[in-house]
Structure formats: structure tokens, C-alpha cells
Amino acid sequence: PVEETKTDQEQGGAKFVATMIDDLRSNLSKCALMLAKELFEVGAAEPRPDTRLQGFIKVVFPLVLLKTVFEKQFLAIEARKACDQIIKGGANALPETVDAMVEGSRHVKNLGLAENSSAYLVSFVQNLPVEYLNGTTS
């Protein structure tokens, strides 16, 4: 039997959560969005970026952004709460987070997604510490 590495397990977990976010059963989707919010909150509380979340964010965050414009409002609300946690993380956010916001803001087929992504990107930059923007963080 082939042994799974920790990275394989983390990717599997991210794919599982992504599948649940996209599930047709609204309750499953809501629970997965709540889990994403909790994990984003843990990442925001760390003193430095948590690279263990890198793969998770890369797979899950674009779906969370997409759910912010979902027709079922209770899912859109949970998705917005998860995005708010990413914004609170500020300098702890990983490049994958910014990439997803930039990609979402360039989304021409879904103007709601473009609008939300742009607003999150602006809030994200506004919440960054001045030292981070000056490049003086250690």
C-alpha cells in the first residue's frame, strides 16, 4: 500500500470540504462554510501565516467567494462570514487568498462576484498593518 503524506491528507481534506460547499444539500453546504470560517479564523489568530492552510485556502477560498453571491441567502451569509475571517487575518493571509480575490474581481460573467471580490480586496488592503505595506515586517 502507498503511504499518504501529510500534504496528501491535507489536500484530501480540502477537496472534501470543497465538495461539501458545492453540495446540493443546503445544510451540508452551510456546515462546510462554517468549518471554512473556523479554519480561516484559526489562521488569522496565528502570529505568522499558517502554511498548513495554504492548500486548503487554494482549494476552498474561491468556492467560498462564489457562495457570497449564492441565491440562498443563508449560504451567502455564511460565505460572507468566512470571507470576513480572511480579511481579519490581514498580513497572515497567504498569496492564495489574494489570488482568489483578484481572480474573482476580474470575473466578467458574474458581476456580483466581481463586486464582492473587489470589496474584499479593498478591505483586505485597508486592514494590512503599515509595516507590512512598507516592507518593514520581520
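Me: Let's start with two residues: are Phe-40 and Phe-61 buried or exposed?

Reply: This is a predicted model, with residues numbered from 1 along each chain as its sequence is written, and its local features need pLDDT of at least 70. Side-chain atom pairs count only at pLDDT 80 or more, totals for chains, interfaces and linings use all residues, and side-chain values use heavy atoms, leaving out hydrogens and water. Now the cut-offs: buried means under 20% relative accessible area, exposed means over 50%, and partly exposed lies in between (1.4 Å probe, protein chains only). Both Phe-40 and Phe-61 come out as buried.

Me: Okay, and how much of the chain is buried?

Reply: The chain has 138 residues, and we go by the buried ones among them. Their share is 38%.

Me: How many aromatic pairs does a search of the whole structure find?

Reply: Rings of Phe, Tyr and Trp (its six-membered ring) pair if their centres lie within 6.5 Å. Planes under 30 degrees apart count as stacked, over 60 as edge-to-face and the rest as tilted. The search of the whole structure gives a count of 2.

Me: Which residues do the ring pairs link into a cluster?

Reply: Phe-40 and Phe-56 pair edge-to-face, with 6.1 Å from centre to centre and 65 degrees between the planes. That pair joins distant parts of the chain, Phe-40 in helix α2 and Phe-56 in helix α3, 16 residues apart. Phe-40 also pairs edge-to-face with Phe-61, at 5.9 Å centre to centre and 80 degrees between the planes. So the cluster, linked by ring pairs, is Phe-40, Phe-56 and Phe-61.

Me: How do α2 and α3 lie: roughly parallel, roughly antiparallel, roughly perpendicular or oblique?

Reply: Axes are lines fitted to C-alpha atoms, for helices over the stretch in contact, and angles run from 0 to 180 degrees between N-to-C directions. Angles under 35 degrees count as roughly parallel, over 145 as roughly antiparallel, 65 to 115 as roughly perpendicular and the rest as oblique. The axes of α2 (residues 26–45) and α3 (residues 54–67) come within 11 Å and cross at roughly 125 degrees. That makes the two helices oblique.

Me: And which hand does the crossing of α2 and α3 have?

Reply: A crossing is left-handed if the near helix is turned anticlockwise from the far one by less than a right angle, and right-handed if clockwise. This one is left-handed.

Me: Which residues of α3 make the contact with α2?

Reply: Contact means heavy atoms within 4.5 Å. On the α2 side you have Ser-29, Leu-33, Ala-36, Leu-39 and Phe-40. They meet these residues of α3: Phe-56, Ile-57, Val-60, Phe-61, Val-64 and Lys-67.

Me: How many of the residues in that contact are nonpolar?

Reply: Ala, Val, Leu, Ile, Met, Phe, Trp, Tyr, Cys and Pro count as nonpolar, Asp, Glu, Lys and Arg as charged, and the others, Gly among them, as polar. In the contact of α2 with α3, 1 residue is polar and 1 is charged, while the nonpolar ones number 9.

Me: What about α3 and α5: how do they lie relative to each other?

Reply: The axes of α3 and α5 (residues 95–105) come within 9 Å and cross at roughly 25 degrees. That angle makes them roughly parallel.

Me: Which residues of α5 meet α3?

Reply: The crossing of these two helices is right-handed. From α3 come Gln-54, Ile-57, Lys-58, Phe-61, Pro-62 and Leu-65. From α5 come Glu-96, Thr-97, Ala-100 and Met-101.

Me: Where is Leu-63, and which residues does it touch?

Reply: Leu-63 sits in helix α3 and counts as buried because its relative accessibility is 18%. Leaving out residues up to four places away in sequence, Leu-63 touches Ala-18, Ile-21 and Asp-22.

Me: Last one: how far apart are the C-alpha atoms of Lys-15 and Val-59?

Reply: Lys-15 is in helix α1 (residues 6–21) and is exposed, with a relative accessible area of 51%. Lys-15 and Val-59 are 44 residues apart along the chain, yet their C-alpha atoms are separated by 6.8 Å.

Technical notes
Helices (H or I, at least four residues) and strands (E, at least two) are DSSP runs, numbered from the N terminus.
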